[in-house]
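Opening the notebook on this one. I want to go through a loop, some ring pairs and the strand pairing, in that order.

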Amino acid sequence: MKMNVYTYELQSKTLNKMTDLPYNSQYPLTVVSLAEDTTYYSGEGKNKGDELFAYDMKTRQAKQLSSNLFAINAIIPDATENTLMMAAVQKGERPVKVMFLDKATQKISILNEQDSDTTTWDISYDPETEEAYAIQYSEEEQYEQMEKSNQTQKPMVPPSHTIIEINPVTKQTRPIITLKDEQILTLSTRGNQMLIATAKHINKLPIGYSLVDLKTGQRKELQLPIKASSELFLDKEGNGFYFLGEKGNGNTERGIYHYDMRTSEIETIFLQKEGFINNFTLISEPVSK
C-alpha cells in the first residue's frame, strides 16, 4: 500500500499528483509545503512507532527528522519561519502534545513538556494572524468519563474541552473557549473567527458546528446539512469553508467540498472514488493586511 499525495489548484480546478510515499505508519498523514517543494509525512521509524519524515520532491530523497516519537496526529509545515508544528506523542508517554520542530537544527521543543495530564486533540494555524490554536482536555477526566460510561452502559460523555491560542514564537498561550461535557472534534481559524465541529457524546452523531469569536470567545451555533468530523478549513475570505465528509441532504458520497455560509451552496471539489481520502490541508496565501 502507498500514500498517494495530490494537490488540487482551486482556480484552475486541476489535480496534480505530487508523489507516492510508503504506507507504513499507524496513521498515514501527509502535508505538502509548496514553498519548499517538500512533503512532510508520518512514517515508520527504526524503532516501534511513527516518526516525522520530509520528502524533497526535487531530489526525490526522504529524510527522517525525528527520533523519539510514537505517533503524529497533525502537521503544520509553516507555523513560523523555518518552524514546523505538530501534535504528537513521545515514546513512552500517553498525552498528545504540541511540538515545534526547528527545520535548521531538527531540534524539537514541546509546549508544557512537564504536563502529564493534558492531551491535545487537534491543532490549527491562522496565516492571517500568525497564531496557532489547540484543542485540549484532561486525560484523568477522560478516564473518569469512560468509567462512568462502562458502569452505566450509556454513551460516553466527553471531558471538558478547551481551545487555547499559542504564539508560535513566544510560546505564550491564552484560553479562547471551554465547552463542558462536549467534544470539540476539529477547528479552523481565519482572522477573528474560528469554526469548530462538536459532539455531545464520544463517537456518536449528531455533529454540531459553530463559529467562535476569537476576541470574546462568544459562540454562535450553525445549522448545516453537512457531515464532517475532521478537516474543516475556513477559506481565504472567511465566507465559507472546505471540508472532508458528506454534503448531506441525502447525499452520502464522501469527498472534499466547499460550503458557502452566505448562500448555503455546496461545491464539489474532489470525490473519493479510487481510494480512501485520509486527510487534506488547505494551502493558501494569507489575506493582505
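Where does Ser25 lie? I find Ser25 in the loop between β2 (14-22) and β3 (30-33). My strands are DSSP runs of E, at least two residues long, and helices are runs of H or I of at least four, each numbered from the N terminus.

Ground rules before I go on. This is a predicted model, so I note that local features need pLDDT of at least 70 and side-chain atom pairs count only at pLDDT 80 or more, while totals for chains, interfaces and linings use all residues. Residues are numbered from 1 along each chain as its sequence is written, and side-chain values use heavy atoms, with hydrogens and water left out.

I looked up burial for Ser25: its relative accessibility is 9%, so it counts as buried (under 20% relative accessible area; exposed is over 50%, partly exposed in between; 1.4 Å probe, protein chains only). Its side chain reaches the backbone oxygen of Tyr27 at 3.1 Å. I also have a polar contact of 3.3 Å between the side chains of Ser25 and Ser42. For that term I take a pair of N or O atoms within 3.5 Å; within protein, one must be able to donate a hydrogen and the other to accept it, and residues adjacent in sequence count only if both atoms are side-chain atoms. Leaving aside neighbours within four places in sequence, I list Ser42, Gly43 and Asp50 as contacts of Ser25 (heavy atoms within 4.5 Å).

**Entry: aromatic pairs**

I pair rings of Phe, Tyr and Trp (its six-membered ring) if their centres lie within 6.5 Å; planes under 30 degrees apart are stacked, over 60 edge-to-face, the rest tilted. By this rule I get five aromatic pairs. Tyr41 and Phe53 have ring centres 5.4 Å apart and planes at 20°, so I log them as stacked. Tyr41 lies in strand β4 (residues 38-44) and Phe53 in strand β5 (residues 50-56), so the pair ties together parts twelve residues apart in sequence. Tyr41 is buried at 5% relative accessibility, and Phe53 is buried at 12%.

Phe243 and Tyr257 are also a stacked pair, 5.5 Å centre to centre with 25° between the planes. Phe243 sits in strand β20 (residues 240-246) and Tyr257 in strand β21 (residues 255-260), so this pair links parts 14 residues apart in sequence. Both of these residues are buried. Ring pairs join Phe241, Phe243, Tyr257 and Tyr259 into a cluster.

**Entry: around β20**

How many residues of β20 are buried? I count six of the seven, so the strand is largely enclosed by the rest of the structure. Strand β19 (residues 227-234) runs antiparallel to β20, with five bridges joining them; my rule for pairing is at least two DSSP bridges between two strands. Leu234 has Phe241 in β20 as its bridge partner. β19 and β20 make a hairpin with five residues between them, and Gly238 in the turn has a positive phi of about 80°. With β21, β20 pairs in the antiparallel sense over six bridges, and Gly240 has Asp260 in β21 as bridge partner.

**Entry: a four-stranded sheet**

I traced an open sheet in the order β15-β16-β17-β18, with antiparallel pairing. Its edge strands, β15 (183-190) and β18 (219-222), each pair on one side only. Seven bridges hold the antiparallel pairing of β15 with strand β16 (residues 193-199). Thr186 stands opposite Ala197 in β16.
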